[in-house]
Amino acid sequence: MNLMQAFKMAFKSIAAKKMRSFLTMLGIIIGVASVVIMVSVVQGQNKRSMEYFEAMGDNKIQVYAYQRFETSGSVSGLLYEYCLGMQDLVLGVTPQIDVWREITIRYGAKSFNTNDWDRWEDRLSVVLGSDQYGVCNNYTLGSGRELSFLDIDKSNQVCVLGAGAKAKLFDFVDPVGETIFINNQPFLVVGWYESIGLDGWNELDNMILLPYTFNRTLNDNQQITQYVVKAKSAAATTLSIAKLKAFLGGFITDDNGYYDVSSNNDWANQMQEQNLMQSLVLGAIAGISLLVGGIGIMNIMLVTVTERTREIGIRKAIGAERKSIIVQFLIEAAVICGIGGAIGITLGCMGALIAGKFLLQGMILWPSMTITVGAFTFSVVLGVVFGLYPAIKASSLQPVEALRAE
Amino acid sequence: MLIDIKDLYKIYNEGQESEVRALDGVSLQIDRGEFVAIVGASGSGKSTMMNVLGCLDVPTRGEYVLNGTSVTSLKDRDLARIRNQEIGFIFQGYNLLQDLNALDNVILPLIYRGTSIFEREELAMAALARVGMDDRAHHRPSQMSGGQQQRVAIARAIATHPPIIMADEPTGALDSKTGRHVLTILRQLYREGTTILLITHDDGIAATAPRVVRLSDGKIISDAHQEVDWL
């Protein structure tokens, strides 16, 4: 008996018992679908966070420094001076300030409100930074110029627009040289940035950058506590962090304040480890459900063997070898698992797409080939492994004993 | 000599109080091309005899030589080949596979034999035609009468052209008219040279066989040739 014929027979006997075959498959279907969905979601999330880090740029050092009784701006000034002193390691330094107070932005007839949370995707925001804000945050200039040291020193009423803010205020017109009104104060647009191009992170483009000296008027003169230092390389990042910690530790103590220095690199690594952990845990859970599905198959196959003892007897009486009977039952189990696996993969892909749409901001989550092929292979192997015992049991009967069964 | 058994025993629960001697030292020779009825009351051991002769069961002791080969020492693979190519079985309960149609049932032994896919259907249809069932090839057993099912079973038994047909109460579940039809087919096969072993408890049917072997309590109590009207 050839393999082709054995497959045909398996399909026939599965088709003859559609309901039971489907119920048997159900365990595998759910198991495979959940493996595919879970691993896809974790991978998608991983990809998304990595995309974010890439767009934000690596070797980025976040500095948090807070000093009680500080005379305004002194940390900023000291940090700026210090970073200038390690130009071999550092590309730039900037305060990183989001303005949370309500601000109106107007150009011609168009007016936006920064606290328009109902339309948060279209919301414009105002950020404050130095002449090195663009370098530190991975922005590239579209046209015009960056803020200058003089703009900051003199509190010049100038601004640089993100791509989203430019589009919302000016459509396709080049905004350089135009004047916009921020809280009714005229600000000259000196440049604009290209889009960061990161799906789901519109706020990175919907921003207007002003010299950080406007912290006094726009942000109630709150202390500046957050900075970004952009290092030249991964090695420079590690070195810079150590130096910055030592520097800040020199004048900020537990008694008069708090500081923290960390890099995106650490964060990214940590995130990656976390994601790996997540995939392993979720994969294991899904794997257990597959295993349970496999045991279900074994149960059904054992019942099937008992039920079909007579059939086995008939087959033996007309010339089936032990081997043929084993192969027949194994192929049946493998085909059931294979079909179940295929249905599971289909459902899993659909589930992953739906999960991507709702959980990951419309990301198109297409399960990777590795998972798909892996899950399918695993389910077929499962069928063979769990079908083996029933198959051997079925084949070892004497024909006459099998024929006696009712 | 086609079938030669010497001192054959089939003993269940040997040595215990519940010991049953289904075959108790049976010796029998059957030549190629004979028509033999094996008769006896139920429990006489005639079914056990057929199971052992048909390699469906193994004897406890004794020698069984089939067509010059000692069967008692053969492995599963060779026994399967004998059941497939040397012997065709016809059972009282037809024993067709319910999930397959008549044609697929008849094709089954050809598949196990390894007949090429291009010949199988033709051979199976020819076998069905011999029993007058070629017009029901695509019916399932559940869509056929008992007599029709038994004819399909005969077609399956003869599909590989085995030299021996063993029929265990082939008419037992049929009314007398369809029963006669089945016997007619067996006689036809006999005329063409097939060796027929017919197991029955019905003396009326036994009376129409050229040779009658009578069993009682696992022993042969008579073995006689007789004249029959259909030859």
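Two residues are in contact if their C-beta atoms, placed from the backbone, lie within 7 Å. By that test, the contact between the chains takes 18 residues from chain A and 20 residues from chain B. This is a predicted model: local features need pLDDT of at least 70, side-chain atom pairs count only at pLDDT 80 or more, and totals for chains, interfaces and linings use all residues. Residues are numbered from 1 along each chain as its sequence is written, and chains are lettered from A in the order in which they are written.

On the chain A side, helix 1 (3-16) is among the elements that give two or more residues. Helix 1 of chain A gives the largest share, four residues. Helices here are DSSP runs (H or I, at least four residues), and strands are E runs of at least two, numbered from the N terminus.

Next, a helix pair within chain A.

| Helix of chain A | Residues | Axis approach | Crossing angle |
|---|---|---|---|
| helix 2 with helix 12 | 18-56 with 369-395 | within 10 Å | roughly 155 degrees |

The two helices are therefore roughly antiparallel (over 145 degrees). Residues making the contact include V32(A) and V36(A) of helix 2 and A375(A) of helix 12.

In helix 2 (residues 76-85) of chain B, L79(B), A80(B), R83(B) and N84(B) are buried (20 or more other C-beta atoms within 10 Å of their own). These fall within an arc of 135 degrees, so they line one face of the helix; the arc is that of directions from the helix axis to the C-beta atoms. Their cover includes helix 10 (309-317) of chain A.

Conventions
A residue is buried if 20 or more other C-beta atoms lie within 10 Å of its own, exposed if 12 or fewer, and partly exposed in between; C-beta atoms are placed from the backbone. Axes are lines fitted to C-alpha atoms, for helices over the stretch in contact, and angles run from 0 to 180 degrees between N-to-C directions. Angles under 35 degrees count as roughly parallel, over 145 as roughly antiparallel, 65 to 115 as roughly perpendicular and the rest as oblique.
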